[in-house]
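Here is a short briefing on the structure below. It runs from the overall fold to single residues.

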Amino acid sequence: MATLPPDPADQTETYLRLLTQHDRWLAAYVYSLVASAADADDILQEVKVTLWKQFAKFEPDSNFRAWARKIATNQILNYRRSEKKRSVSSSLDEAFIEAVAAEIDQRADALDLKAEALNLCLRKLPEAHRKIVVWRYYEDCGIEEIAIKSERTVEAVYRLLSRIRQALSECVNRQIAPTP
């Protein structure tokens, strides 16, 4: 039985979901390597158009961020090559841009690992502690508000948050530590 070609609506939805998920990272990446904000805007728009045009070549189970970074890096390098006037003091050579791009990628991967580990560790917290974390870091509640909601003193909330942060830090470190 022959396989059907992918549904364009599904492909559009998948592209938009992945782009939305990585949009802020992609913008930060381009802006970090292009001095002019106006030029960075143009490059970022061109990157998104190129991502869409080449999305059929994207492997669904591969790393979208790495794939997008390669396309963005190429767009930045093309921009630098085509730039007619640039001062010697502000120009960055291709090797430097590629080195910075690789470092950004490496750090992004490390942060992704830490974020995954943190999510796992948050799920391991007792429900009452998870509520405190959600109130403080996701709903931006102040300590006094958390004290009222949790029926604790302000000092007790400070101590509890300190213990929770310590426990999460130790858990994350255990999760990302290389296994012997």
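The protein has 7 helices and 0 strands. Both are DSSP runs numbered from the N terminus, with helices being H or I of at least four residues and strands E of at least two. This is a predicted model, in which local features need pLDDT of at least 70, side-chain atom pairs count only at pLDDT 80 or more, and totals for chains, interfaces and linings use all residues. Residues are numbered from 1 along each chain as its sequence is written, and side-chain values use heavy atoms, with hydrogens and water left out.

**Overall fold**

- Along the sequence, the pattern reads α-α-α-α-α-α-α.
- Of the 180 residues in the protein, 31% are buried. Buried means under 20% relative accessible area, exposed means over 50%, and partly exposed lies in between (1.4 Å probe, protein chains only).
- Take the contacts between residues at least 6 apart in sequence: 59% of them join residues at least 24 apart. A contact means heavy atoms within 4.5 Å.

**Disulfide**

- In general, a disulfide is a covalent bond between the sulfur atoms of two cysteines. The criterion here is a pair of cysteine sulfur atoms within 2.5 Å.
- By this rule the count is 1 disulfide.
- Cys 121 and Cys 171 form this link, with their sulfur atoms 2.0 Å apart.
- The pair joins distant parts of the chain, 50 residues apart: Cys 121 sits in helix α4 (residues 94–124) and Cys 171 in helix α7 (residues 154–176).
- The link of Cys 121 and Cys 171 is left-handed, with -85° about the S-S bond.
- Cys 121 and Cys 171 are both buried.
- Cys 141 also counts as buried, because its relative accessibility is 4%.

**Packing of α2 and α3**

- Helix α2 (residues 37–53) and helix α3 (residues 64–82) have axes that come within 9 Å and cross at roughly 130°. Axes are lines fitted to C-alpha atoms, for helices over the stretch in contact, and angles run from 0 to 180 degrees between N-to-C directions.
- The two helices, α2 and α3, are therefore oblique to each other. The classes are roughly parallel under 35 degrees, roughly antiparallel over 145, roughly perpendicular from 65 to 115, and oblique for the rest.
- The crossing of α2 past α3 is right-handed. That label applies if the near helix is turned clockwise from the far one by less than a right angle, and left-handed applies if anticlockwise.
- From α2, the contact takes in Asp 39, Ile 43, Glu 46, Val 47, Thr 50 and Leu 51. From α3, it takes in Phe 64, Trp 67, Ala 68, Ile 71, Ala 72, Gln 75, Ile 76 and Tyr 79.
- By class, the contact of α2 with α3 holds 10 nonpolar, 2 polar and 2 charged residues. Nonpolar covers Ala, Val, Leu, Ile, Met, Phe, Trp, Tyr, Cys and Pro; charged covers Asp, Glu, Lys and Arg; the others, Gly among them, are polar.

**Packing of α5 and α7**

- Helix α5 (residues 127–138) packs with α7 at an angle of about 100°, and their axes are 11 Å apart.
- Helices α5 and α7 are therefore roughly perpendicular to each other.
- His 129, Ile 132, Val 133, Arg 136 and Tyr 137 in α5 touch Leu 160, Leu 161, Ile 164 and Arg 165 in α7.
- The contact of α5 with α7 comprises 6 nonpolar, 1 polar and 2 charged residues.

**Positive phi in loops**

- Asp 140 is not a glycine, yet its phi is positive, about 55°. Asp 140 lies in the loop between α5 and α6 (143–150).
- Asp 140 counts as exposed because its relative accessible area is 65%.
- Glu 151 is another residue other than glycine with a positive phi, near 55°. Glu 151 is in the loop between α6 and α7.
- Glu 151 counts as exposed because its relative accessibility is 76%.

- Ile 176 is in helix α7. With 34% relative accessibility, Ile 176 counts as partly exposed.
- Ile 176 and Glu 116 are 60 residues apart in sequence and 9.4 Å apart in space, C-alpha to C-alpha.
- Neighbours within four places in sequence aside, Ile 176 is in contact with Leu 113, Lys 114 and Ala 117.
- Gln 45 belongs to helix α2. Its relative accessible area is 53%, so Gln 45 is exposed.
- Gln 45 and Ala 27 are 18 residues apart in sequence, and 9.6 Å apart in space, C-alpha to C-alpha.
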